[in-house]
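I opened this entry to record what I looked up in the structure. I take the whole chain before single residues.

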Amino acid sequence: MIFKIISSLLIVTSTTMLGFAYSNKYRERLVQIRQLKSIIRDIENQIVFFTIPIPDVLKNISEGNNRVCTLFKYVYDVMLYDRETTPGEAFEKALDRDINGIFLNQDDKEILKNFAKLLGGSNIDGQINSIRMIEKQLDNQEVSAEQEKNKYERMYKSIGILSGLAIAIVLF
């Protein structure tokens, strides 16, 4: 009897943890899009007010301590080791690589790739226009991510708990 109770508790706990872990990606995506918007604003400030070259901007951004900054660190590393690599090519390599803890979906990655292709390819006014366009696209992605989070986060948590209870009841 005690064995059945303990095994049932383990099953419910493990399925609940799976449900929470799976729902976490929706919350993390929203957080990372907001971090990305903040980084884009920081890039704009560094370009406009301090006229810092793009590789140095990427280096400054990569020194941050959130998950999205690790993406920029990888881009900076690619550009550091291959000096002929453009920011667009470096972002392409970074986004095609599966970086642990990055929860951006394919649309988010395409926006970033388009941003990187425009980065450093024009004068300051052209880059500001590109940054504003990317900010609007990220605003739309943020709304979409928030809707997905509200829709799926609670559902996966509930599925985790309820499936564990169902398995425990069937086995008990």
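**Whole chain**

I counted the secondary structure and found six helices and zero strands. Helices (H or I, at least four residues) and strands (E, at least two) are DSSP runs, numbered from the N terminus. Along the sequence I read the pattern α-α-α-α-α-α. I then looked up the radius of gyration, which is 21 Å, well over the 16 Å that the globule rule gives for 172 residues, so the chain is more spread out than a compact globule. That radius is taken over C-alpha atoms, and the rule is 2.2 Å times the number of residues to the power 0.38.

I note the basis of these entries: this is a predicted model, in which local features need pLDDT of at least 70, side-chain atom pairs count only at pLDDT 80 or more, and totals for chains, interfaces and linings use all residues. Residues are numbered from 1 along each chain as its sequence is written, and side-chain values use heavy atoms, with hydrogens and water left out.

Along the principal axes, the C-alpha atoms fill a box of roughly 75 × 35 × 20 Å. I looked up burial next: 38% of the 172 residues count as buried. Buried means under 20% relative accessible area, exposed over 50%, and partly exposed in between (1.4 Å probe, protein chains only). For contacts (heavy atoms within 4.5 Å), I took those with a separation of 6 or more, and 69% of them join residues 24 or more positions apart.

I also checked the charges. The mean positions of the 22 positive and 22 negative charges are 8 Å apart. Lys and Arg count as positive and Asp and Glu as negative, while His and the chain ends are not counted. Each charge is placed at NZ of Lys, CZ of Arg, CG of Asp or CD of Glu.

S8 is found in helix α1 and is buried, with a relative accessible area of 13%. Not counting residues up to four places away in sequence, I find S8 touching A168 and F172.

Q46 also lies in helix α1, which covers residues 2-48. Is Q46 buried or exposed? I find 8% relative accessibility, so Q46 counts as buried. Leaving aside neighbours within four places in sequence, Q46 is in contact with T51, I52, V57, N60 and I61.

I followed one of these contacts, T51, into the loop between α1 and α2 (54-62). T51 counts as exposed, at 53% relative accessibility. Phi of T51 is near 45 degrees, a positive value in a residue other than glycine.

**Helix α5**

I checked the length of α5 (residues 106-118): at 1.5 Å a residue its 13 residues should span 18 Å, and its end C-alpha atoms are 19 Å apart, which agrees. The expected span is 1.5 Å times one less than the number of residues.

Which residues of α5 are buried? I list D108, K109, I111, L112, K113, F115 and A116. Their cover includes α1, α3 (67-81), α4 (87-96) and α6 (124-171).

**E153 in α6**

I looked up E153, which lies in helix α6 and counts as buried at 10% relative accessibility. E153 and K25 are 128 residues apart in sequence, yet 8.4 Å apart in space, C-alpha to C-alpha. With residues up to four places away in sequence not counted, E153 touches S23, R27 and E148.
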